[in-house]
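Keep the structure in view as you read.

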Amino acid sequence: MKLLITRHGQTEDNANGITMGQRDSKLTALGIQQAHSKALQLEKLSQKIDCIFTSDLGRCTETARIISNTLGLPEAIPDSNLREISFGRYEGLPYSTIPSIEGGYMKVQFPGGESNEEMAIRVIDAINGIYTANKDACVLIISHSGPIAVILASYYGKDLQATLNDKVGNEEVIMLQINSMQNLPATTAIF
């Protein structure tokens, strides 16, 4: 499976330094432009995209709609397991209000939310399901920085915490080739 991964376009909360998690925020004019630019970038690929999966949150579904309409592709399939981590009570507050804790919320849940480990498990479940049903396809996934970090950490066998700290930008498209799947724990690898 050829796996293309991209993040939603910039949102109003991104631009204002607000923690979104599973709350939603509209795309900015720049975010809409980023979605159109990604569509043009994807159009240049030699292989046609067979299907699109997206987080069910509005910022991703809007990005997916722009890309699929621009490229004449089928409507994206929403999947709640591709959502960003739930930051619980910190959602809607500035990034700077989230207190640092030792271990960085890997196993510890955000108050009223989830841990990075819990998020990783649901994202990996989604990716494993997508892989199983689309082994010979070219698949585009539109998601968030946290789930994308999970996929990249797993694919490259890297530490999730380090990968989370190296955020994927709103304009990037990442291409991976998946040739087999291993059922490994979420904190190590999925492919």
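**The core and what surrounds it**

Start inside. The largest nonpolar core has 36 residues, and L3, V139, I141, L160 and L176 touch the most other members. A nonpolar core is a set of buried Ala, Val, Leu, Ile, Met, Phe, Trp, Tyr and Cys residues joined through side-chain atoms within 4.5 Å. Buried means under 20% relative accessible area, exposed means over 50%, and partly exposed lies in between (1.4 Å probe, protein chains only).

Which elements give two or more residues to this core? They are β1 (2-7), β2 (51-54), α4 (116-133), β4 (138-143), α5 (145-156), α6 (160-165) and β5 (173-177). Helices (H or I, at least four residues) and strands (E, at least two) are DSSP runs, numbered from the N terminus. The largest share of the core comes from α4, with 8 residues.

A word on the model. It is predicted, so local features need pLDDT of at least 70 and side-chain atom pairs count only at pLDDT 80 or more, while totals for chains, interfaces and linings use all residues. Residues are numbered from 1 along each chain as its sequence is written, and side-chain values use heavy atoms, with hydrogens and water left out.

Now pick out I141. Leaving aside neighbours within four places in sequence, I141 is in contact with L3, L4, I5, T6, F53, L82, I127 and I130. Contact means heavy atoms within 4.5 Å.

Next, look at how helices pack. Take α4 and α5. Their axes come within 9 Å and cross at roughly 70°. That makes α4 roughly perpendicular to α5. Axes are lines fitted to C-alpha atoms, for helices over the stretch in contact, and angles run from 0 to 180 degrees between N-to-C directions. Angles under 35 degrees count as roughly parallel, over 145 as roughly antiparallel, 65 to 115 as roughly perpendicular, and the rest as oblique. α4 passes α5 in a right-handed crossing. A crossing is right-handed if the near helix is turned clockwise from the far one by less than a right angle, and left-handed if anticlockwise.

Which residues make the contact? From α4 come M119, A120, V123, I124 and I127, and from α5 come G146, P147, V150 and I151. These residues divide into 8 nonpolar, 1 polar and no charged. Here Ala, Val, Leu, Ile, Met, Phe, Trp, Tyr, Cys and Pro count as nonpolar, Asp, Glu, Lys and Arg as charged, and the others, Gly among them, as polar.

A second pair is α2 (residues 29-43) and α3. Their axes come within 9 Å and cross at roughly 40°. The two helices are therefore oblique to each other. α2 passes α3 in a right-handed crossing. On the α2 side the contact is made by I32, A35, H36, K38, A39, L42 and E43, and on the α3 side by T63, I66, I67, T70 and L71. This contact divides into 7 nonpolar, 3 polar and 2 charged residues.

Stay with α3, which covers residues 58-71 and includes S68. Is S68 buried or exposed? S68 is buried, because its relative accessible area is 4%. Not counting residues up to four places away in sequence, S68 touches I52, L73 and P74.

Finish with the loops. Q10 sits in the loop between β1 and α1 (12-15). Its relative accessible area is 18%, so Q10 is buried. Beyond four places in sequence, Q10 touches A15, K26, L27, T28, L30, G31, Q34 and N170.

The loop between β3 (77-78) and α4 holds Y105. R89 lies in the loop between β3 and α4 too. Y105 counts as buried, because its relative accessibility is 8%. R89 has 58% relative accessibility, so R89 counts as exposed. Y105 also has a phi near 65°, a positive value in a residue other than glycine. Most residues other than glycine have a negative phi. R89 and R65 are 24 residues apart in sequence and 30 Å apart in space, C-alpha to C-alpha.

K135 is partly exposed, because its relative accessible area is 44%. The C-alpha atoms of K135 and I66 are separated by 25 Å, and the two residues are 69 residues apart along the chain.
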